[in-house]
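The structure comes first, then the reading.

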Protein chains: 2
Amino acid sequence: MADGGLTRNAAGIETALGILKQKFGERLQTGQSIREQHGHTTTWIANELPDGVVFARSTEEVAEVVKVCAAHRVPIIAYGTGTSLEGHVNAPLGGISLDLSQMDRVLAVNAGDLDCRVQPGVTREALNTHLRDQGLFFPIDPGANASLGGMAATRASGTNAVRYGTMRDNVISIEAVMADGRIIRTASRARKSSAGYDLTRLLVGSEGTLGIITELTLRLQGIPEAISAARCSFPSVSAASETVMAVIQYGLPVARIELLDAQMVGAVNRYSKLSLPETPLLLLEFHGSEAGVVEQAETFGALAEEFGGTGYEATTSLEERNRLWQARHDAYWAMLQIRPGCTAVATDVCVPISRLSEAVGAAEARATELGLQAPTVGHAGDGNFHATVLVDRDNPDERARAKEFVSWLNDLAISMDGTCTGEHGIGQGKRPYLVRELGAATIDTMAAIKRALDPENILNPGKILPE
Amino acid sequence: MADGGLTRNAAGIETALGILKQKFGERLQTGQSIREQHGHTTTWIANELPDGVVFARSTEEVAEVVKVCAAHRVPIIAYGTGTSLEGHVNAPLGGISLDLSQMDRVLAVNAGDLDCRVQPGVTREALNTHLRDQGLFFPIDPGANASLGGMAATRASGTNAVRYGTMRDNVISIEAVMADGRIIRTASRARKSSAGYDLTRLLVGSEGTLGIITELTLRLQGIPEAISAARCSFPSVSAASETVMAVIQYGLPVARIELLDAQMVGAVNRYSKLSLPETPLLLLEFHGSEAGVVEQAETFGALAEEFGGTGYEATTSLEERNRLWQARHDAYWAMLQIRPGCTAVATDVCVPISRLSEAVGAAEARATELGLQAPTVGHAGDGNFHATVLVDRDNPDERARAKEFVSWLNDLAISMDGTCTGEHGIGQGKRPYLVRELGAATIDTMAAIKRALDPENILNPGKILPE
């Protein structure tokens, strides 16, 4: 097994496995099925298995694993819930998958400061369950019930980033084990700081290639007094996008503003037995005071009307909110039912909002031209959208066309001064696009940092940076 | 001249000055007064002059200067407006002060995307003047009319960070010249991205030690439909702080929430002929819709009353807003008049808000104990406050006591899991505290990054990292 110019260090891996077996006993697993589960990519990227999986229970144990692997130059791939989408957990050179799911304690909640300290294996749903009776929540919602360590590592976001930001904005401080086994803490618990290089933000989004996150201090939000949901149909993607732009320019503090294209609305109609007009749809959520959310919903309604929005509905009742948002909640399953048994290949481009309409429209046209189905949902307030290509894995010609589509779409976003990845990360799949997006000098700078912090390239090798 | 173990490279400087003179003519200045101005620290840190000042007009010129300096191992200190507070622009090893104030063009405003692209020498006031007729503004307001490049380099913030964040949150992308003269661009113009290491955030707050910022893409805000200002007195710092905590927990989206301690209120009363009760004062600003700001101000009034707030006033009229906020606008000048001719030594600690009351109270008590006057203003919503020591420079004993106070206060904040610097940066003055705050392993990580990106240590040497 090899990855570009790199080669597998079979002897080192063998030695490290022996030492780790001594130290971790049954918490080192080498069975085929558990290794397959930990090298599973949930995408069309081929699975590449680690040689063993260690279940760590403390920062000290993580440091121990890293030191053993460092001594024998063995790759370590941090693993949370395995819900990443670009081959992040693959082990192209083998090595140790370091499973952090047992580090799942909420260590402290400081309600007065709206922050908390958690271990990396805590999932976002577990955290929100823990917080609920204190009237607090952690807003970042990438869809999957991912681990918070993994969400930080991929700089995840999701539907409410338009209001609450991404993991970049909501991690206050990180404890991490570096490639030499030393433990660092990146920042104090202060809400803001000018104390040296922003190592917090350097680790957020580093995909396990610079250090292993062993603890996070996160910003929390108070559960809003009131929530309102709304839904509105539009004659075209461009009418919907112009409405989104108007919302952002107006400064309306929408908590969520999601776009479904006509194809996706059609799929949801059939799957969920709805009767929405099969035209582009915006779904919204407003957070604030009772009076505030009503005012926001009214303001939105007026803006939407200007751009030809129809069928506008808004509500603050929980049951009705769920009804209005059903189209979004069911979108993924509805989409798979367009072609049962297909593989869904996610894309993740993000463009300046002024280019959103053009980008979504061009993607629809290009998919049709290539004979592909690629229904789309978008976090429209951020300019981030997922055209998901439905592919028959057993049809090589279709796979080739799908690859062409993905490549074309990434290049389109880059040409619009956008990015190939708004929230999924680079992993293995997007490495060629990173260079096209940011240029050789920028990638060389990233590579210099990687070499400085992980000179033996043991932390998640073969990810982010091109060979 | 030397800085720790580093020594001045007199021969290299001489050579570089000769080459730069050829290239830049009159735009290389070596006169005493201009060098003094560029090595002026505005604090009690001794001035250390550069050998020459180059006025650059383009990214290419910056790259040219860096290449010459790299070839001859000559320090380069980026210079914006010189309003930093921790000796950032000092030249402990001599070298070239690279003045970017002539790179002062607003290159693009994308109203539809709420972003703009500027050269680093544009000041925040110049940008806001440029934006005004488009209904947009750039919110970060550190007090001084600093350059945006300098604000990014020190991770500046100010009074409205509680709502709009700091420079960390408002820089989308950076173009920078690295130590080898190569030009990088850190990110696309997308509102969010998971594309590789967050070099944007690494450069924000790096104080010119990792690269020279030559262009910034910034996030903008729409000018709010309505602004309301409010003022409320409190019986104690702890009552005011508890109110602030309640505001944050409630999720009230205050745009500004500033604390003046009793001593500062007294100073303002005398300077501005006001008759405020000489007890702690909170000043607030709310941004939103007409109805929204009234609702916010009412909610705040009710919260403040619960904690013993008195004399509460709120208004949306511009004239009245200025009247209410006069105490804050005049605070700096009023403070200097407590002791005319004194030097004002700023501190900048930032603690978790739950510790704010204790920290401000302890600082007041410690100043009194040391026979010092240290009136305080705070960005209370962030837990960041400036107790400013008024020092007679010619009194060595008082200087010693002031130094003791500053050191004690930084350590106090660190002991509370806060930081020695919320917004001013480390520069020269706070280097010892950075190590105490984050520990040796973290500082070693920062130093490894510095060595990787600037192996010859030519970019603003002697700042941030300890020798």
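Which residue of chain B forms a salt bridge with Asp417(A)? The partner is Arg189(B), with the closest N and O atoms 3.8 Å apart. The model is predicted.

## The interface

Chain A puts 81 residues into the contact, and chain B puts in 81 residues. Between them the two chains bury about 6500 Å². Carbon and sulfur atoms carry 54% of that area. On the chain A side, Lys192(A), Ser194(A) and Tyr197(A) lose the most area to chain B. Together they make up 15% of what that side buries.

Polar links are part of the contact. Ten salt bridges run between chain A and chain B. There are also 40 residue pairs in polar contact across the interface. Several elements of chain A give two or more residues to the side that touches chain B, including strand E11 (183-185), helix H9 (237-250) and helix H11 (290-306). H17(A) gives the most, with eleven residues. By type, that side of chain A divides into 32 nonpolar, 29 polar and 20 charged residues.

## A salt bridge between chains

Over all chains, the structure holds 60 salt bridges. One of them joins Asp444(A) and Arg182(B), at 2.6 Å from N to O. This pair crosses from helix H17 of chain A to the loop between strand E10 (171-178) and strand E11 (183-185) of chain B. Both ends are partly exposed: Asp444(A) has 37% relative accessibility, and Arg182(B) has 35%.

## Salt bridges within chain B

Arg189(B) also meets Asp113(B) in a salt bridge, at 3.1 Å from N to O. Arg189(B) sits in the loop between E11 and helix H8 (199-203), and Asp113(B) in the loop between strand E7 (106-110) and strand E8 (115-118), so the pair ties together parts 76 residues apart in sequence. Arg189(B) is buried at 13% relative accessible area. Asp113(B) is buried too, at 6%.

Arg366(B) and Glu369(B) form another salt bridge, with the closest N and O atoms 2.4 Å apart. They lie three residues apart in helix H14 (residues 356-369) of chain B, separated by about one helical turn. Arg366(B) is buried at 17% relative accessibility, whereas Glu369(B) is exposed at 59%.

Methods: Residues are numbered from 1 along each chain as its sequence is written. Chains are lettered from A and ligands numbered from 1 in the order in which they are written. This is a predicted model: local features need pLDDT of at least 70, side-chain atom pairs count only at pLDDT 80 or more; totals for chains, interfaces and linings use all residues. Side-chain values use heavy atoms; hydrogens and water are left out. Contact means heavy atoms within 4.5 Å. Buried area is the accessible area (1.4 Å probe) that two parts lose on being put together, summed over both. A salt bridge is a side-chain nitrogen of Lys or Arg within 4 Å of a carboxyl oxygen of Asp or Glu. A polar contact is a pair of N or O atoms within 3.5 Å; within protein, one must be able to donate a hydrogen and the other to accept it, and residues adjacent in sequence count only if both atoms are side-chain atoms. Helices (H or I, at least four residues) and strands (E, at least two) are DSSP runs, numbered from the N terminus. Ala, Val, Leu, Ile, Met, Phe, Trp, Tyr, Cys and Pro count as nonpolar, Asp, Glu, Lys and Arg as charged, and the others, Gly among them, as polar. Buried means under 20% relative accessible area, exposed over 50%, partly exposed in between (1.4 Å probe, protein chains only).
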